[in-house]
Structure formats: C-alpha cells, structure tokens
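Let's learn to read a protein model together, one feature at a time. Have a look at what is shown here, and then we'll talk it through.

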Amino acid sequence: MGRIDRSKDQETIECGEAGLLGSIDLLVDLCIPDSSVLELSFTMFTLGIAALLALVLGAVGLYGVLSYSVAQRTQEIGVRMALGAETSQVLGMIVREGARTQVIGLVVGLLGAAALTRVLQGLLFGVEALDPLTFVATSGILFGVGLLAAWLPARRAARLDPVTSMRTE
C-alpha cells in the first residue's frame, strides 16, 4: 500500500468543508425563508382558514334560511297536493323558486366579491385577484347547498298527508 500525503488531504478537506458549508448556507437560504415571507405565509394561512369558515357558515346559514322558508309553505304544499298536484310538480316548483332566489343572491355576491378583491390583492400570492376557479367553486358549493335546502323540506312536506300538512302551523 502506498503512503497517504496528509498535507494534500488536509487541503481537500478544508476545501470540501468550505464547499459543504457553502452548500449548507444555500440550503438554509432556500429552505428557511426570512421572517417577512414567514409572516406572509402565516397571514395567508390564517386568511385561508377564515375563508373556509366563512364558506361553511354561509352554507349553513343559507341552508337554514331556505329550509325555514320552504317549511313555512307546508300548508300551501298540502293544499296543492289535496287538489291533485303531483309530488314532482310541487318539488319542481319549490326548487325552481329556491334556485331563482339563489341566482339573484349569487349575482349580487359575485359582483360584491369582485369589487372587494382589489382590497385583498396585495395579500394574494400565486393567485389572481379575480381567480375564476375560486369564484366558480364557491358559487357552485353555495348553489348546491341552496338547492338541497329547498329540496329536502319540500320533499318532506310533499310526503305528508295533505290533511295533516294543512293542519300544521
């Protein structure tokens, strides 16, 4: 076996350590962002959670209001059923009226949201202020919840005996 020249190895190790330390510094710079980026990321995460909660609360509120308004029409549904209306006709009428109300609400809501996105534009990262996917997804979820909120109580009221539904308050 040959001899190892320690002086050469020492230089290589020192250069290697400097290269390794330089690589570690680069990795730290890439993997650990500075505090301003962390603050912005936390702000966006918090806003995302708030937006999700707003969507859930909006859906629950929408369901409650539409369900209540349909439940208030139980007597009307009973009268229509007693006069010979088919269940599908009554359900279609209630769901169409609920959908019409929702479309008006969605148009007003989308216009308001589009107007207010300019306020939040500075906080958005990687998403446009008027992101069509976000607007379509949110509107679709709320529209689906509204249709369900109109259909479920109408179906329940249409299944009741017409005499029983006319007696309810």
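Q: Which residues does Trp151 touch, not counting residues up to four places away in sequence?

A: Start with the idea: contact means heavy atoms within 4.5 Å. By that rule, Trp151 touches Leu91 and Val95, leaving out residues up to four places away in sequence. Trp151 itself is found in helix α5. Before we go on, a word on the source: this is a predicted model, where local features need pLDDT of at least 70 and side-chain atom pairs count only at pLDDT 80 or more, while totals for chains, interfaces and linings use all residues. Residues are numbered from 1 along each chain as its sequence is written, and side-chain values use heavy atoms, with hydrogens and water left out.

Q: What does Trp151 count as: buried, partly exposed or exposed?

A: The labels come from relative accessible area: buried is under 20%, exposed is over 50%, and partly exposed is in between (1.4 Å probe, protein chains only). Trp151 has 33% relative accessibility, so Trp151 counts as partly exposed. Now look across to Ser67: the C-alpha atoms of Trp151 and Ser67 are separated by 8.5 Å, although the two are 84 residues apart along the chain.

Q: And where is Ser67 found?

A: Ser67 sits in helix α2, residues 35-71. A helix here is a DSSP run (H or I, at least four residues), a strand is a run of E with at least two, and both are numbered from the N terminus. Ser67 counts as buried because its relative accessibility is 13%. Leaving aside neighbours within four places in sequence, Ser67 is in contact with Ala149 and Pro153.

Q: How many helices and strands are there in the chain?

A: Six helices and zero strands. Reading from the N terminus on, the elements run α-α-α-α-α-α. Buried residues make up 18% of the 169 residues in the chain. Take the contacts with a separation of 6 or more: residues 24 or more positions apart account for 81% of them.

Q: How do I read two helices packed together, say α4 and α5?

A: Two packed helices are described by the angle between their axes and the distance between the axes. The axes are lines fitted to C-alpha atoms, for helices over the stretch in contact, and angles run from 0 to 180 degrees between N-to-C directions. For α4 and α5, the angle is about 155° and the axes are 9 Å apart. Under 35 degrees counts as roughly parallel, over 145 as roughly antiparallel, 65 to 115 as roughly perpendicular, and the rest as oblique. α4 and α5 are therefore roughly antiparallel to each other. By class, their contact has 17 nonpolar, six polar and one charged residues. Those classes go like this: Ala, Val, Leu, Ile, Met, Phe, Trp, Tyr, Cys and Pro are nonpolar, Asp, Glu, Lys and Arg are charged, and the others, Gly among them, are polar.

Q: Which residues does Leu110 touch?

A: Leu110 lies in helix α4. Not counting residues up to four places away in sequence, Leu110 touches Phe135 and Ser139. The C-alpha atoms of Leu110 and Ser139, 29 residues apart along the chain, are separated by 8.1 Å.

Q: At what angle do α3 and α5 pack?

A: About 50°, with their axes 9 Å apart, and α3 and α5 are therefore oblique to each other. Thr74, Ile77 and Met81 in α3 meet Ala154, Ala157 and Ala158 in α5. The residues of this contact divide into five nonpolar, one polar and no charged.

Q: Which residues make up the largest nonpolar core?

A: In soluble globular proteins, nonpolar side chains tend to be buried together. A nonpolar core is a set of buried Ala, Val, Leu, Ile, Met, Phe, Trp, Tyr and Cys residues joined through side-chain atoms within 4.5 Å. The largest one here has eleven residues: Val70, Ile77, Met81, Val90, Leu91, Met93, Ile94, Ala150, Ala154, Ala157 and Ala158. α3 (74-82), α4 (87-120) and α5 (132-159) each supply at least two residues of this core. Take Ala158 as a case: not counting residues up to four places away in sequence, Ala158 touches Ile77, Met81 and Thr87.
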